Amino acid sequence: MKKVIVLGSTGSIGTSALDIIRSNRDDFQLTGLSANSRETELLAQAAEFSVSSLALTGKETSDSRITYHGPEGLLDLIKETDADIVVNGISGAVGLAPSVTALESGMDLALANKETMVMAGRLINSLAEKKGRRILPVDSEHSAIFHLMEGKNPDDIYEYIITASGGPFRGYTSEQLKNVTAEQAMKHPTWDMGYKISIDSASMANKGLEVIECWRLFNIPLDKIKVLVHPQSMVHSLIRTNDLAMYAHISHPDMRLPIQNALYYPDLKPVPSSFLDLAGREMTFFEPDMDNFPMLPLAYRAAESAGAYPIVYNAVNEVAVQALVDEKIGFTEIPEITEQLLSGDWTAEPQSFDEVLAVDTLCRQEAVELIKKRM
Ligand SMILES: NC(=O)c1ccc[n+]([C@@H]2O[C@H](COP(=O)([O-])OP(=O)(O)OC[C@H]3O[C@@H](n4cnc5c(N)ncnc54)[C@H](OP(=O)(O)O)[C@@H]3O)[C@@H](O)[C@H]2O)c1
């Protein structure tokens, strides 16, 4: 029986992970859970799965069943709870420290928190190697590529193609995008996800983050990573081998598939909701619109520039998305502010996780100042 900690258990990834554990109680034992503010939901999950290691990071509680408090408490929970694998379903840069602690504590990492690889991919890979632990991608595109690559020599792969749904504003011009609201941006056409990743999908920043994640996770040349818009979200990614044939990973869009594959790795078990009958289905593919959705080319620019630029890309985008939700800026200001901060000198590559977090903090402060000046 595999012991599992689910971080961000009240979110979209977290509840999907719990669904899998609920359906496979003979194979998994849930030993720890964390949430930020949804205390009632966390306690209900703890009761259902008889979990006693609980962390709440974002608000005070007097409930004695919750024994770990605040961001430090979350790290203590990981250190002090017995587990083989941690599902990291926390959203945002705050997910980095728990990923580091999980690997340091000798646990495998089922990684949905893409910010971990974007901010500190190189350091995380070497920590996993040093500890002899696995990073199992949960992001659907990366899980697809991970499985497509298995048994293949990376030298035989010509290119990696990440698919994107195009989000709710596919086909919009920059003029039309000026008037869209955060609420509209949160309505993803094919995936049911948390608000941050939904807004990122609308701006294509999510695909930008995924390009950087792919580059770091698989340690492959950036120019071999392509993006193709595929509105039906059935093909999750493709690889093209040197003979120029393509291999695709196809299923219904349901995050339970990549989460389950990570939890059972290397076994593949049926995920009934993923069964897709291709007969009568239409699949279309388009080049991404790099002009009207500049967050994608900006991600390539951040990765090409290396150093601390990917950390900056992520941090400023997080701040800008929150500002959009708070109605302080408009949708098209997200790339404008991102570009402005990326124009600074961030060439020094952080050599430790502390240095990564220092850049993240500094960049957030600068982004907040820039937004204030625009208001
Ligand atoms: N959703 C998807 O389909 C999907 C697909 C691929 C990758 N991902 C990635 O997976 C991660 C999670 O996405 P999501 O859509 O599941 O997000 P979500 O629905 O917003 O859930 C986020 C989870 O993290 C917790 N959390 C929020 N802020 C936190 C903080 N400061 N400290 C600790 N915990 C915090 C939340 O707790 P509360 O509920 O208490 O607020 C919640 O449990 C993101 O990195 C995203 O890019 C998601």
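# Briefing on strands, helix contacts and loops

Strand S6 (residues 108-111) has both of its faces covered: Asp-108 and Ala-110 on one side, and Leu-109 and Leu-111 on the other, are all buried. The model described here is predicted.

**Strands S5 and S6**

- In a regular strand, the side chains alternate between the two faces of the sheet.
- Strand S5 (residues 85-88) runs parallel to S6, and four bridges join the two.
- Within this pairing, Asn-88 stands opposite Leu-111 in S6.

- Strands of a sheet pair through backbone hydrogen bonds, and the pairing is either parallel or antiparallel.
- Strand S8 (residues 157-164) and S9 run parallel and are joined by five bridges.
- Tyr-160 has Ile-225 as its bridge partner in S9.

**Helix H1 against helix H11**

- Two packed helices are described by the angle between their axes and the distance between the axes.
- For helix H1 (residues 12-23) and helix H11 (residues 256-264), the axes come within 9 Å and cross at roughly 60 degrees.
- The two helices are therefore oblique to each other.
- The crossing of H1 past H11 is right-handed.
- H1 contributes Ile-13, Ser-16, Ala-17, Asp-19, Ile-20 and Ile-21 to the contact, while H11 contributes Arg-256, Ile-259, Gln-260 and Leu-263.
- Sorted by class, the contact of H1 with H11 has six nonpolar, two polar and two charged residues.

**Helix H12 against helix H13**

- Helix H12 (residues 295-305) packs with helix H13 (residues 309-325) at an angle of about 145 degrees, and their axes are 7 Å apart.
- Met-295, Leu-298, Ala-299, Ala-302, Ala-303 and Ser-305 in H12 meet Tyr-309, Pro-310, Tyr-313 and Asn-317 in H13.
- The contact of H12 with H13 includes eight nonpolar and two polar residues, and no charged ones.

**Buried and exposed positions**

- Asn-261 is placed in helix H11.
- Asn-261 counts as buried because its relative accessibility is 5%, and the cut-off for buried is under 20%.
- Leaving aside residues up to four places away in sequence, Asn-261 touches His-147, Asp-267 and Leu-268.
- Asp-354 lies in helix H15 (residues 353-374).
- Asp-354 counts as exposed because its relative accessibility is 62%, and the cut-off for exposed is over 50%.
- The C-alpha atoms of Asp-354 and Ala-46 are separated by 32 Å, and the two residues are 308 residues apart along the chain.
- Glu-327 is likewise exposed, with a relative accessible area of 72%.

- Most residues other than glycine have a negative phi, and most peptide bonds are trans.
- Tyr-265 and Pro-266 are joined by a cis peptide bond, with omega about 5 degrees.
- Pro-266 is found in the loop between H11 and H12.
- Leu-244, a residue other than glycine, has a positive phi near 75 degrees and lies in the loop between S10 and S11.
- Glu-327 is not a glycine, yet its phi is positive at about 60 degrees.
- Glu-327 belongs to the loop between H13 and helix H14 (333-342).

Technical notes. Residues numbered from 1 in each chain as written. Predicted model: local features only at pLDDT ≥ 70, side-chain atom pairs only at ≥ 80, totals over all residues. Heavy atoms only, no water. Axes fitted to C-alpha atoms, helices over the stretch in contact; angles between N-to-C directions. Parallel < 35°, antiparallel > 145°, perpendicular 65-115°, else oblique. Left-handed = near helix turned anticlockwise from the far one by under 90°. Contact = heavy atoms within 4.5 Å. Nonpolar A, V, L, I, M, F, W, Y, C, P; charged D, E, K, R; others polar. Buried < 20%, exposed > 50% of the residue type's maximum accessible area, 1.4 Å probe, protein only. Pairing = 2+ DSSP bridges.
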